[in-house]
Amino acid sequence: MGWSIGFDSGWNRDIGYGVPPTCDHPECNAKIDRGLSHVCGGDVYGGERGCGLYFCGDHLLLPMRRPQLCERCEKRRKPFAAKPDHPEWIEWKLTDESWQEWRDENPAEVTKLRATLTAVHPTSPGHS
Ligand SMILES: [Zn+2]
Ligand SMILES: [Zn+2]
């Protein structure tokens, strides 16, 4: 272990305890991290039973003799939809020095992230 940032190609997003998302439960806004203690299934990408989404302590069940699971996986239902990344994280990727190389290599992603941020913080033209 000891990874702070990785990439989940299944959900197509950054994972690791260095990433600050909100809980993936649709009605929850708890701020967590994408470390192993929050992943459904108890392992990166969800292990064998989990969906690999990330939940706060209130939304991870701890069934006996099974890894921590979200309520959907516990009932073997379709997983929740993945939430978009936290604006704070997007801003970090767009501005922090440690992501400079990534930005240089992924100009299309950078454009997409900028658009996402603008959608989260609309400047409401014409209403002031
Ligand atoms: Zn799950
Ligand atoms: Zn939650």
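Tutor: A charge sits over a ring if NZ of Lys or CZ of Arg is within 6 Å of the ring centre and within 35 degrees of the ring normal. This is a predicted model, in which local features need pLDDT of at least 70 and side-chain atom pairs pLDDT 80 or more, while totals for chains, interfaces and linings use all residues. Residues are numbered from 1 along each chain as written, chains are lettered from A and ligands numbered from 1 in written order, and side-chain values use heavy atoms without hydrogens or water.

Student: Over the ring of which residue does the charged end of lysine 93 sit?

Tutor: The charged end of lysine 93 lies 4.3 Å from the centre of the ring in question. That ring is also part of a cluster, linked by ring pairs, with Trp89 and Trp99.

Student: How are the planes of tryptophan 89 and tryptophan 99 arranged?

Tutor: Rings of Phe, Tyr and Trp (its six-membered ring) pair if their centres lie within 6.5 Å, with planes under 30 degrees apart stacked, over 60 edge-to-face and the rest tilted. The centres of tryptophan 89 and tryptophan 99 are 5.6 Å apart. Their planes stand at 90 degrees, so the pair is edge-to-face.

Student: Are tryptophan 89 and tryptophan 99 buried or exposed?

Tutor: Buried means under 20% relative accessible area, exposed over 50%, partly exposed in between (1.4 Å probe, protein chains only). Tryptophan 89 has a relative accessible area of 2%, and tryptophan 99 has 11%. Tryptophan 89 therefore counts as buried, and tryptophan 99 likewise counts as buried.

Student: How many aromatic pairs does the structure hold, and what is the geometry of phenylalanine 55 with phenylalanine 80?

Tutor: The number of aromatic pairs in the structure is 3. One of them joins phenylalanine 55 and phenylalanine 80, whose ring centres are 6.0 Å apart. Phenylalanine 55 is buried at 0% relative accessible area, and phenylalanine 80 is buried at 6%. The planes of phenylalanine 55 and phenylalanine 80 make an angle of 55 degrees, so their geometry is tilted.
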